[in-house]
Amino acid sequence: MPDLSLLRELLPDERTALLITSDVNRRYLSGFPASAGAVVVTKSRLILMVDFRYYEAAQRAVQPPCEVVRCTRLIDDLNHIFLQENIQSVCIEDESVTVAYCNELQQALIPQVLTEGLSEKLIEMRTIKSADEVEKIITAQRITERAYTEVLNILRPGVTERKVAVELEHLIKLYGGERVAFDLICITGENTSLPHGVPGERVVKEGDFFTFDIGAVYEGYHSDMTRTVAVKSATDEMRMIYDTVLQAHLKAEQAIKAGNTAADVDIAARDLIEKSGYGEYFGHSTGHGVGLDIHEAPTVYKTNHTVLRDDMVITDEPGIYLPGRFGVRIEDMYLVKGNTPVDLAQIPKELTII
């Protein structure tokens, strides 16, 4: 359970409440996943509101101090609680609430609706992972690694990208993943120059690079890992590009320290790639936070001066992409711990030839 005292800093008095309606933040605060509902935070109460479909399951799963309230019509039931608690103003998430829904709430809720501060505070809170959150991320990573290691057995000339992607998704679910963390990137040959290439009917050929950007979800928490392997052989140029990306990845790893900024990590990788003459072929950020969302704060980019703190989880994923030819990306998740980051992956980074 998150430290609600941080959220309650937004409450100036007992007549103000917080209303959380986004799926991911409701789960974060209550521990319970549902496709609908709301969480209300007051000075003294934490209330999860769900309808008939989720009520029994929520009662079984949700732990004190969170209360579970069954609702029939959410707006009416919210107003009932606000009247009961003498709530005069309520703050909603400006990041995830549509303009239309915000207008609906402003018209239908009895308290005054405020739209500043809540999303920013939740984003800040979620950047720091509890031990339980880290364990779930690691479990998702181990599921990913097990599936990846097994799927390498079918990676050979003649197999299609789609076949590899489908088999990998099957294995992730078989080994305990709720689902894949995102649309898996399993691409070969020239397609590896596409940072977010989509698996299709392209056939693996001898001498290809094959890029896996993959992850699993376990109890809501995501993993994210990228490996680029060579099929049967690799040219000297392919090896040189791979080694450049690996050295950039390791430079970024060295910069993942509490007190450094996200920009420091990005610049460490970017400078090495630029000095190697490939700066124009590295066009995305070096990483991002991971948790209940696959992309969370902080963005690891040269303009983001967010200070890294212990127990943040971020990715380190530099790449070089030569249009129409091939690309290389290497990615692991890291847990920030003082001056020594913890690599959450157990798969070797060195070039693997299948």
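**Exercise 1.** Determine which element gives the largest share of the lining of the largest pocket.

*Solution.* The largest share, four residues, comes from helix 2, where helices (H or I, at least four residues) and strands (E, at least two) are DSSP runs numbered from the N terminus. A pocket is taken, on a 1 Å grid over the protein atoms alone, as an open set of points where a 1.4 Å probe fits, with protein on both sides within 12 Å along at least five of seven lines, and lining residues have an atom within 4 Å of a point. The model is a predicted one, in which local features need pLDDT of at least 70 and side-chain atom pairs count only at pLDDT 80 or more, while totals for chains, interfaces and linings use all residues. Residues are numbered from 1 along each chain as its sequence is written, and side-chain values use heavy atoms, with hydrogens and water left out.

Next, the space in this largest pocket comes to about 640 Å³, a volume being the space filled by probe spheres set on the points, which are joined across faces, edges and corners. Its lining has 24 residues, of which M1, P2, Y28, S130 and E133 lie nearest the centre. Two or more lining residues are given by each of helix 2 (23–30), helix 6 (118–127) and helix 7 (131–151). By class, the lining divides into 11 nonpolar, four polar and nine charged residues, with Ala, Val, Leu, Ile, Met, Phe, Trp, Tyr, Cys and Pro counted as nonpolar, Asp, Glu, Lys and Arg as charged, and the others, Gly among them, as polar.

**Exercise 2.** Describe the second largest pocket by its volume and by the classes of its lining residues.

*Solution.* The volume is about 460 Å³. Of the 27 residues that line this second largest pocket, F182, D183, I185, H196 and D213 are the closest to its centre. Helix 8 (161–174) and strand 13 (287–289) are the elements that give two or more residues to the lining, and helix 8 supplies the largest share, four residues. The lining divides into 11 nonpolar, eight polar and eight charged residues.

**Exercise 3.** Classify the ring pair of Y148 and F212, and then that of F209 and Y242.

*Solution.* The search of the whole structure finds six aromatic pairs, where rings of Phe, Tyr and Trp (its six-membered ring) pair if their centres lie within 6.5 Å, and planes under 30 degrees apart count as stacked, over 60 as edge-to-face and the rest as tilted. For Y148 and F212 the centres are 5.1 Å apart and the planes are at 90°, so the pair is edge-to-face. Because Y148 lies in helix 7 and F212 in strand 9 (residues 209–214), this pair ties together parts that are 64 residues apart in sequence. Both Y148 and F212 are buried, that is, under 20% relative accessible area with a 1.4 Å probe and protein chains only.

For F209 and Y242 the centres are 6.5 Å apart and the planes are at 40°, so this pair is tilted. F209 and Y242 are both buried. Ring pairs also link Y148, F210 and F212 into a cluster.

**Exercise 4.** Check the span of helix 10 (residues 262–275) against its number of residues.

*Solution.* The expected span is 1.5 Å times one less than the number of residues, so the 14 residues of helix 10 should span 20 Å, which agrees with end C-alpha atoms that are 20 Å apart. The buried residues of helix 10, including A262, D266 and I273, pack against helix 9 (236–255), strand 14 (296–300) and strand 16 (319–322).

Terms used. Buried means under 20% relative accessible area, exposed over 50%, partly exposed in between (1.4 Å probe, protein chains only). Contact means heavy atoms within 4.5 Å.
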